[in-house]
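Dear colleague,

I am passing on the structure below, and after it you will find my notes on what turned up. Please read them alongside the coordinates.

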Amino acid sequence: MNKKWIKGLAIGTSLLLLLWASPSFVPLQIEKVQHWPVSRVLLDRTGKTFYVGLSPESEWCIPIPYEQMSPWLPQIAVAIEDRKFWSHHGVDFQAIIRAALQNIKAKRVVSGASTITSQVIRLSNPRPRTILVKAAE
């Protein structure tokens, strides 16, 4: 192996170790997630929804108590948002590599590698979107 390969391997390994250890550096502030701005929902006198508006953050955020949730909803959310949720520990290295290669090839951000875990961290500790913040998340 030449020196460039060894140096690249050392840097890559260091970055992967940093990403693996990063959850220790970012405190999870669950209170912020639990008090996220929600959409206004108006009910009629029988308790049925007749109006839903955007949240103060201009998003659709309709809270559903866990007891009223279909047992399929969490499974669908995991299947759509992070299908490897049960097999990684908050960081999907394959998705990071795939997204990095796609973004480098396109010379712009066309793909991400957020896991449900990183999304919860982002919601609980909002910061400007930079590559360093993404690495910490």
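**Notes on the model**

From the N terminus on, the elements of the chain follow the order α-α-β-β-α-α-α-α, that is, 6 helices and 2 strands, where helices (H or I, at least four residues) and strands (E, at least two) are DSSP runs numbered from the N terminus. Please bear in mind that this is a predicted model, in which local features need pLDDT of at least 70 and side-chain atom pairs count only at pLDDT 80 or more, whereas totals for chains, interfaces and linings use all residues. Residues are numbered from 1 along each chain as its sequence is written, and side-chain values use heavy atoms, with hydrogens and water left out.

Of the 137 residues of the chain, 18% count as buried, a word used here for under 20% relative accessible area, with exposed meaning over 50% and partly exposed in between (1.4 Å probe, protein chains only). The chain exposes about 11,100 Å², of which carbon and sulfur atoms supply 65%; these areas come from the Shrake-Rupley method with a 1.4 Å probe, and for residues only the protein chains shown count as cover. Among contacts (heavy atoms within 4.5 Å) in the chain with a separation of 6 or more, 37% come from residues 24 or more positions apart.

The structure holds 1 aromatic pair, which is formed by Phe85 and Trp86 in an edge-to-face arrangement, with 4.7 Å centre to centre and 80 degrees between the planes. The rule behind this is that rings of Phe, Tyr and Trp (its six-membered ring) pair if their centres lie within 6.5 Å, and that planes under 30 degrees apart count as stacked, over 60 as edge-to-face and the rest as tilted. Phe85 is partly exposed at a relative accessible area of 23%, while Trp86, at 73%, is exposed.

There is also 1 salt bridge, counted when a side-chain nitrogen of Lys or Arg is within 4 Å of a carboxyl oxygen of Asp or Glu, and it joins the side chains of Lys84 and Asp92 at 3.9 Å, N to O. Lys84 is partly exposed, with a relative accessible area of 23%, whereas Asp92 counts as buried at 10% relative accessibility.

Finally, Ser118 lies in helix α5 (residues 116-124) and is buried, with a relative accessible area of 6%. The side chain of Ser118 reaches the backbone nitrogen of Thr115 at 2.9 Å.

Definitions and conventions. A polar contact is a pair of N or O atoms within 3.5 Å; within protein, one must be able to donate a hydrogen and the other to accept it, and residues adjacent in sequence count only if both atoms are side-chain atoms.
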